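Hi there,

Here is the structure I promised to pass on. Have a look at it first, and my notes follow below.

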Amino acid sequence: GALSTAYGLAIVVVNFALAAALLAYSARISLGLMMFAALFGYLIRLGLIFLAIFLVRDASWVELVPLGVTIVVADLGLRVWEMKYISASLAFPALKPQPVSKEKSSQ
């Protein structure tokens, strides 16, 4: 169970890192490519998750229930964290604290 959980966490982390890399790279090129990367990157990443599970499903160290629960809970947990901390600052950029300039702080 512990190895399955670690494998599930690795799948989730690689999934999020790959999504971030695809969007960051495509955003530098064009908006259309970024939209393409968001949609089809999601489908490709789902296929990679399926493949990662399919390849090890019969291994002796894999327990499918802990693996599945870990993937679902970790993915949803990271998405909730992202909504709370990252998306709020992007939606309301005026609410971010402004950095204090050196001139104002010395007065």
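Leaving aside its neighbours within four places in sequence, which residues is R45 in contact with? They are N15, L18 and A19. Please keep in mind that this is a predicted model.

R45 sits in helix α2, which covers residues 31-56. R45 is buried but has no salt bridge: D75, the nearest side chain of opposite charge, is 6.7 Å away, and a salt bridge would need the charged atoms within 4 Å. What the R45 side chain does have is a polar contact with the side chain of N15, at 2.7 Å.

As for the overall picture, the protein chain has four helices and zero strands, in the order α-α-α-α. Of its 107 residues, 18% are buried. Taking contacts between residues at least 6 apart in sequence, 71% join residues at least 24 apart. The accessible surface is about 8100 Å², with 74% of that belonging to carbon and sulfur atoms.

The whole structure holds three aromatic pairs. One of them is Y7 with W61, arranged edge-to-face at 5.4 Å centre to centre and 80° between the planes. Y7 belongs to helix α1 and W61 to the loop between α2 and α3, so this pair ties together parts that are 54 residues apart in sequence. Y7 is partly exposed, at 24% relative accessible area, and W61 is also partly exposed, at 32%.

Another pair, F50 and F54, is stacked, with 5.6 Å between centres and 25° between the planes. These two are four residues apart in helix α2, so about one helical turn separates them. F50 is exposed at 56%, while F54 is partly exposed at 40%.

Best wishes

Notes
Residues numbered from 1 in each chain as written. Predicted model: local features only at pLDDT ≥ 70, side-chain atom pairs only at ≥ 80, totals over all residues. Heavy atoms only, no water. Buried < 20%, exposed > 50% of the residue type's maximum accessible area, 1.4 Å probe, protein only. Contact = heavy atoms within 4.5 Å. Areas by Shrake-Rupley, 256 points an atom, 1.4 Å probe, with all protein chains shown as cover. Lys, Arg positive; Asp, Glu negative; His and termini not counted. Polar contact = N/O pair within 3.5 Å; in protein donor to acceptor, adjacent residues only side chain to side chain. Phe/Tyr/Trp six-rings, centres within 6.5 Å; stacked < 30°, edge-to-face > 60°.
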